[in-house]
Structure formats: structure tokens, C-alpha cells
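Open the structure in a viewer and keep the selection tool at hand. Each stop below names what to select and then says what is there.

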Amino acid sequence: MRLLLIEDDPRTADYIVRGLAEAGHVCDLLRDGHDGLFAATRNAYDVIVADRMLPGLDGLSMIKAVRAAGVRTPAIFLTSIGGVDDRVEGLEAGGDDYLVKPFAFSELLARINALGRRPAAQEQKTSLRVADLEMDLIQRRVTRQGQAIDLQPREFSLLEVLMRGEGRVITRTMLLERVWDFHFDPKTSVVETHISRLRTKVDKPFEIPLIHTVRNTGYSLHAPI
Amino acid sequence: MNGARSSLLRSTPFRLALTFAFLFLLAFILSGAIVYQLMSAELTKRLDQSIKETHSLIAATYAESDEEDLVATVRDHAQFSQDSDQIFSLTDHNGNRLAGDFTAAGLPVGFSMFTATLPGVPPGTEYRAYSGMVGNNKLTVAFSLSETEALETIALMSFGWATLFITGLAVAGGAVLASRVQRRLDAIAATMVDVSHGRLGARIPLIGNGDDIDGVSGQVNAALDRLSALVDGMREVSANIAHDLKTPLNRLQMILESAADKTAAGKDVSGELADARTESLQINETFDALLRIAQIEAGARKARFVDVDVGHIVETIGEVYADVAEDDGKSLSTGLVPDTKWYVHGDRDLLMQMLSNLVENALRHCPPGTAIELNVTGNADRVAVHVRDDGPGIPAEESEKVFRRLYRLDSSRTTPGSGLGLSLVKAVADLHGATIELEERNPGLGVTVSFPAARSQGG
């Protein structure tokens, strides 16, 4: 993917650019909000990663201006304030996701991947399929190898998020946000518990596991490679 | 302090007393001047009356047009008033004196003033005269003004003394009153100096008479109470932060040093790196939690408040944590009445986190086998969220402190947790205008967060 990073702290910028290059992405780095706005409106990027606090033009105003110019490129805010209002403000300004510093690079990468591969047109899927696992989104039924799997509503949502992100890493935080609408970090093993329940139902009765743990980061659902 | 006390003129009460005395004096002098004018006019009027009466009395003797009688009467009058208080003059149409003490040919008819120079009269004595024609002759009756002037002088003198006396009394009384007020102001100033020097225990002495200075002093004392409570809290927080962050920082340093040693020896350090990562995550989490609480307390979120169904939040949290509790050997149940909505005006995310912290707190501090119950009750005014457990509870004397930042019961020092969970609960509750009650259930702890109900309450 081709990415635009606007970040004024050299160490953070270096850390992100290096990581993205290793993951096979091309990344343009700018250090100023005005330059960022110019680049984001002139060139086509897959994802914009913008710091909230920038010299010249702050990240929030920059994304607002980008949206006002009609550019719909998905954008992730990086914020170091750890603020309770940052997420809402960021989303209202036209951002698609936000990440609080300090963050693990794997978390940023997972979120960039999730945004960048989002289908351009939000086509209405009626079913999802990964290997022999099938999910009927209309009737809210899950089957594997033709056998019906009985899931709680929340387990269904969890599996749906994992299946929609097939092959990609879905971090613990992303699951908390998307499945439970938790915008904070619980201190108990909420995600682990529910993943374990889901595995008992989806993977255990079958030979090949589909839900994989990605160490220190999250989970990924994919067919055996 | 002595400098301030010695310069009485700089003291506000004394200045006020002086200003007041000056204004009072001004009013006194003004009213005195008016009284003096009125009195003076009245005296002149009465004098004029007496003169006119005497004149008429003498003129009456001429009723029979007997000039001899008139001359004799004037002469009698002139002789009778030996002391020259009253003088008379009768002149013919040529201005020649027919009888009397003086010749008043030059005086106009009617009232007039003149200065007479007569034998036996101090020079410059003023007279009030009335001249009128009696037949062909002019009769003038003149009374000395010395009596009127004497009365006026007495009035002026007494007025002057009164003014002096009042001025003295006002200044002295003002000084006494001012110094009394000044002593109390000095006491306040001394207390504030003490406070600014760090002795936060200092309080302004109250007299107890309920006046305004006592009122202000009481409010300053109350503010000082709150300030010292806050400072105590801050001190405790700082000490706790220092302790709770220093410990993981020290561990981090040791891990890194051991990693450096291992690297020098060419050994694998991936274990140390993982440990260092965990430690730094923990430190960051603690800071995040502190910042988050500070931001919640700052109250910026209030602008985004909407009506939120607390019942739905409790249901969600119950659903999320039931499995977690079960895996932990505990049980979590909700006693919600189906299809009942409990609206409060608030922020959904924060309320979720608050309830999640309460549940996690119960999960963390209770032994396996504990039953945790969530519930919502309420009426038209309040919506109360209950988190009850039958675990070990909290000692009564600690229940006040558990909501303090980084406070941890001695018994829980060794269990994981930042000591910030309940502070966040308190911050969120405060932001929503909710009260928190801890209830000893023997066994167990009941936490009740009671919110003001939102307007859109209903089934």
C-alpha cells in the first residue's frame, strides 16, 4: 500500500516508517500539517496516518480540510494525550480510526491493514466464508463442515469481526472496540475468555484450527497455510 | 504586622471612620448655617416688630394733633432709655430736632440701618431704625442691634464648640472602632501569612458574633479546610505515584542492565526484552489512567452528554464478564427487570468503563466461589446501579479512602492493579453528579452508584 505519514517527532516517524517498509508498504513522510494537507489532496494514498499535534496545521484541522476537499482516503489519528474526548473529536473531524501513543507497531499495522483493504464500495455481503466455516449474516447462522454451530449473539459478532478480517491480524484493542464497544483497556482477560469460548465451539470439534493467536498482538482467522 | 498597625492612617476602617466623620461634620455645619440664618432672620423680624410697635405707640399720642404731647412723649422715651439701647428722634419738616437723642433727618421713611455716633455709645454701634411721618414731623425709632448680635454670637460660639467636640469624638471613636476592626483584619492577615508559609493548619480565630468579618473568616477557614484536604490528597497521591511508578521503573532498569550484561556475554536477551516490554506497558497504563482521570475531572466530556440507558450498559457488562467470572471460578449475574429502561444523562463510554471497573474490582479482590450480582433500581428521581458481592468486603475505616487515587488496601498491595480503578469510578460518578455508597454486607461489599434520573425516564 502507499501510505502518507504526517508526524513531527523524528524518532516516532523513523520507527513507523521502518516498520511499514518491513511490512512491504511505501510510506511518504511529512513533518508539517500544511505539507500534509497539500500531499493528501494532490496524491492518491491508501491510508493517511496523522499525528494530532503538528506544527503549522494540527492533525484535526488537517483531516477536516482534506475531507472538505472531497478526499475520502481513510485516516488514522495518532494521539499522545490519551484523551477521553480524542476519539470522538477525531471521528467527528473525519478520521476513521485513532490510536493512542505509545502504541505497539503491530497495533498500528493491523489498523492500517484493516482500513486500507476496506472494500471501496461497501458492498452488502449476505454471507462470509473462510475455508469450511460459513456465516449467514441474514439468518445469523454459522456452520462448519455443514454442522450448525450455536453461538451467543456476542460470540457471533466476535466471529464476524474475525471473518471479515480474514487473514489479517485483529488486535485485542480492535476486538474490544468492535465487538464490545469498549473504548478502554479492561484489566481482566475479557478478550481471551471470549476467544477461548469461541474456539471451543468453532475449532475444537474439528481437526484444523482457524483461529490463530498472534503473540502479544491479537488474533487472526485464516485457513491453514 | 507592626508596621501595618502603627500607620493608623493606612487602615481601611480608620479611613472609613474619618470619611464618615468628615461627612457628618459637613452635614452638621450645613444644617448649623441654615439654623443660624433662620434664627438671625427671626430675630430681625422680632426687632422690627418691637420698633414698629414703639413707633406706633408714640405716634398715637399725636392722635389729637397735639404736637406738645408728641414732643413730651418722645422726650420721655428718650430719657427713659438711658442705656442708649433705644434712641428716638423727632424732626420737623426742615430737619431740625424737636425732641430725642439724635437727629435722623437723613434717614429714609421705613426701615433702615445706620451707625450712630452718640455720647456714651461705643463707636460703630449699629442701629435698626424706623422712620415715619407723624403729622408734619418725622418720628424715628431706632433700636440697637447689640442684643441681637450678642444672641447670634452665643449661637455661633455654641455651634463652634459643638463642632469641635463632635470632630474630636468622631476621630477618637473612629480610631477606637477602627483599631478593633484592624486587630481582626491583622489576625486574618497573620493567618494568611502563616498559610502562605506552608502552615496549612492555621485558621482565623472567630469571635462568634456572626458579623460579616466572622462570616468571611468562616468562609476563608472552610476554603483552607478544603485546600489542606486537597494538599493532603495530593501529597498522598504524589507519594503513591512515586512508589507505584518507581517500583516498575526500578525493575525496568534492572532488566535492562541484566540484558546489557547478557549482550556483553553474547547471550540471548529476548526474555529480558519481553519483560522490559511488560514493565513499560504497565508504567504507561498507570500514566494513562492518571491522565484519563484528570481529564474526566476537568469535565470537558459533559458537553457530549446524552440520555443513556444504564440498564442496557449493565446488561452488556454482565454479558461480557459472566464468562470471565466463570473462568475465574466466580459467578456473575444480573437481576435486571426485562424491558425496563433506566435513563441517566451521561456518557456511555465512561459509564461502561465505570461499571467495568467496579466489576473487575470485585473479580480481582474476591476469592473463587464468590457470587457477584449487578442490578439497577430507581424511581422518578434517582437511578441506582448496584454491584454486590459476598467476598471479603472492605474494612469500614478504609471505605472512605478506597476512592483516592492510587490508594490500595494493604491486603491488596501484592495483587495486580494500578490502584486507579476506583478513583476513575469516583471521577466518572462525580462528573455525572452521582453519589457512591459502600455497604458492608457481612459478608461482602455492596457498591451503589446513584445517578439523578434523566427526564426521558419511562418503561
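## Two helices in chain B

In this predicted model, begin by selecting residues 12–60 and 146–196 of chain B, which are helices α2 and α4. Their axes lie 9 Å apart, and the helices pack at an angle of about 165°. Angles over 145 degrees count as roughly antiparallel, so α2(B) is roughly antiparallel to α4(B). The crossing of α2(B) past α4(B) is right-handed. Colour the residues of this contact by class: 24 are nonpolar, 8 are polar and 1 is charged.

## Where the chains meet

Next, show both chains and select the residues in contact between them. Chain A gives 20 residues to the contact, and chain B gives 23. On the side of chain B that touches chain A, three helices each supply at least two residues: α6 (270–298), α7 (310–327) and α8 (348–365). Sorted by class, that side of chain B holds 10 charged, 8 nonpolar and 5 polar residues.

## A cis peptide bond in chain B

Stay with chain B and select B:N442 and B:P443. The peptide bond from B:N442 to B:P443 is cis, its omega being near 0°. Most peptide bonds are trans. To place B:P443, look in the loop that runs between β11 (435–440) and β12 (445–452) of chain B.

## A helix and the glycine after it

Move to chain A and select residues 10–22, which form helix α1. How far apart are the end C-alpha atoms of this helix? They are 18 Å apart, and this agrees with the 18 Å that its 13 residues should span at 1.5 Å a residue. After α1(A) comes A:G24, which has a positive phi, near 90°.

Most residues other than glycine have a negative phi. Two stops in chain A show a positive value.

Select A:A131 in the loop between β6 (127–130) and β7 (133–136) of chain A. Its phi is positive, near 50°. A:A131 counts as partly exposed because it has 15 C-beta neighbours inside 10 Å.

Then select A:Q145, which sits in the loop between β8 (141–144) and β9 (147–149) of chain A. The phi of A:Q145 is also positive, near 50°. Is A:Q145 buried or exposed? With 12 other C-beta atoms within 10 Å, A:Q145 is exposed, since a residue with 12 or fewer is put in that class.

Note on methods:
Residues numbered from 1 in each chain as written. Chains lettered and ligands numbered in written order. Predicted model: local features only at pLDDT ≥ 70, side-chain atom pairs only at ≥ 80, totals over all residues. Helix = DSSP H or I, 4+ residues; strand = E, 2+ residues; numbered from the N terminus. Buried ≥ 20, exposed ≤ 12 C-beta atoms within 10 Å, placed from the backbone. Expected span 1.5 Å × (residues − 1). Contact = placed C-beta atoms within 7 Å. Nonpolar A, V, L, I, M, F, W, Y, C, P; charged D, E, K, R; others polar. Axes fitted to C-alpha atoms, helices over the stretch in contact; angles between N-to-C directions. Parallel < 35°, antiparallel > 145°, perpendicular 65-115°, else oblique. Left-handed = near helix turned anticlockwise from the far one by under 90°.
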